[in-house]
Every structure is written in structure tokens, then in C-alpha cells.
Amino acid sequence: PGADLSIYNRVMLLDATVAFKKNWKRDQNRGNALKVKDSDMKKIQAEVADVFREVFTKELVDGGYAMADAPGEDVLLVKPAIVDLDVSAPDIRSSTVTRNFSESAGEMTLNLELFDSVTNDKIAKATDRKQDRWRGRMEWRTSVSNRADARRMMTGWAEALRSALDEARASTSPSDN
């Protein structure tokens with residue numbers, strides 16, 4: 001309450017931390033010949049964080065917000081975390097030809113915290129869970145299709161952040177009389 005987002009023209013976007021759903025690796029490896037390794041999980045986490053940065057940077061820059069590398073008076077610090085990541089059919093590399101199928105890419109939750117970059121005061125916190133749409137049929141899942149579905153889910157979050165910043169700007173703009 002009382003937070004003024006209208007003073008922020010630049011955004012300092014930290015790298016998203018990414019954490020899998022509890023027991024995700026165990027559940028993925030149960031009954032599957034192709035086992036998920038820790039190195040596979042690290043690769044997926046890095047890819048999800050990269051997609052997050054790409055999607056949010058594009059949305060904010062296209063919306064007229066400059067990206068900042070350092071704190072400043074007009075810089076909003078954004079700390080994102082993707083939690084409960086559940087990739088239904090990860091595309092794990094192996095020496096044998098394998099194909100993974102599922103009805104959905106999976107789900108994830110975004111925890112987003114906004115801070116004043118100078119004072120480090122927390123301004124807002126948001127949490128939202130997204131689940132990829134169920135297609136009603138099994139589809140071949142690849143790293144490309146999983147990445148595209150993650151991008152689509154994250155785009156909604158990026159649009160919501162930009163919209164909130166735009167709304168804050170508009171509420172403080174001089175009105176026409």
C-alpha cells in the first residue's frame with residue numbers, strides 16, 4: 001500500500017533462480033530407461049533462466065523501459081524466482097534415439113519481488129502459477145517445444161509486469177482538463 005511505481009523508468013532485472021518441484025528428478029526417473037542426471041537439471045535451470053531474461057527484457061524494452069545494470073534513483077530492482085518447475089517430458093540427450101511424449105509441457109510458479117534499487121525497500125511481491133495447456137493428445141516433446149511453451153507462459157507474466165508499471169505511470173500523469 002502506498003508504493004509509487006511511477007518513479008521508475010528503468011528496470012534492473014536480476015537473473016531468475018530456478019528450482020524444480022519437490023522430488024521431480026525421482027519422479028522423472030521412476031520407470032524410465034533414460035535417467036535424468038544432475039547435469040541435465042542444471043542445463044534445464046539455465047535454459048529456463050535464459051528464457052525468462054529474454055522474455056522480460058523484450059517486453060519491458062518494447063514497453064519503453066530502459067534496462068539498468070546498476071542501482072539508481074529511477075531504477076526498479078526485480079528479483080525473480082521460478083519455483084516448482086515441473087517439466088513433463090524433458091528432452092534429455094542420450095546415445096540412443098528416444099522420444100518423449102506428453103499432453104503438456106508442464107507447469108511452474110513465478111515468485112517476483114520488486115525493490116527500490118537504492119534503498120532496497122520491498123515495494124511489491126507477486127506469485128503466480130502457470131500450467132501449460134493440456135492438448136488432449138500426446139505430443140512429441142523436444143527442447144525446442146518445451147522452450148516455446150515456457151516462453152509463452154512467461155510472456156503473460158512479463159506483460160502483467162509491464163502493464164502494472166504502465167498503469168502506475170498513467171495514474172500520475174497530468175490529466176487533460
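**Close-up views of a predicted model**

**View 1. Strands β1 and β3 pair in the parallel sense.** Two bridges join β1 to strand β3 (residues 66-67), and the two strands run parallel. Arg10 has Ala66 of β3 standing opposite. Strands pair here if DSSP finds at least two bridges between them; strands (E, at least two residues) and helices (H or I, at least four residues) are DSSP runs, numbered from the N terminus. The model is predicted: local features need pLDDT of at least 70 and side-chain atom pairs count only at pLDDT 80 or more, while totals for chains, interfaces and linings use all residues. Residues are numbered from 1 along each chain as its sequence is written, and side-chain values use heavy atoms, with hydrogens and water left out.

**View 2. Strand β4 is largely enclosed by the rest of the structure.** Strand β4 spans residues 75-87, and ten of its 13 residues are buried, so the rest of the structure largely encloses it. Buried denotes under 20% relative accessible area, exposed over 50%, and partly exposed the range in between (1.4 Å probe, protein chains only).

**View 3. Strand β4 pairs with β1, β2 and β6.** Strand β1 (residues 10-13) runs parallel to β4 and is joined to it by four bridges. Within this pairing, Val11 has Leu76 as its bridge partner in β4, and Leu13 has Val78. Strand β2 (residues 17-20) also pairs with β4 in the parallel sense, over three bridges; Ala81 in β4 is the bridge partner of Thr17. With strand β6 (residues 106-116), β4 pairs in the antiparallel sense over ten bridges. Lys79 stands opposite Glu113 in β6.

**View 4. Helix α2 comprises residues 38-62.** The 25 residues of α2 reach 36 Å from the first C-alpha to the last, close to the 36 Å expected at 1.5 Å a residue; the expected span is 1.5 Å times one less than the number of residues. Its buried residues are Asp40, Met41, Ile44, Val48, Ala49, Val51, Phe52, Val55, Phe56, Glu59 and Leu60. After the helix comes Gly64, with a positive phi near 95 degrees.

View 5. Lys58 and Asp62 form a salt bridge, with their closest N and O atoms 2.5 Å apart. A salt bridge is defined as a side-chain nitrogen of Lys or Arg within 4 Å of a carboxyl oxygen of Asp or Glu. Asp62 is exposed, with a relative accessible area of 55%, and Lys58 counts as exposed at 54%.

View 6. The side chains of Lys25 and Asp38 meet in a salt bridge (2.7 Å, N to O). Asp38 is partly exposed at 48% relative accessibility, as is Lys25 at 27%.

**View 7. Arg26, Asp27 and Arg30 form a salt-bridge network.** The side chains of Arg26 and Asp27 meet at 3.1 Å, N to O, in a salt bridge. Arg26 is partly exposed, its relative accessible area being 46%; Asp27 is likewise partly exposed, at 31%. Across the whole structure, a search finds 17 salt bridges.
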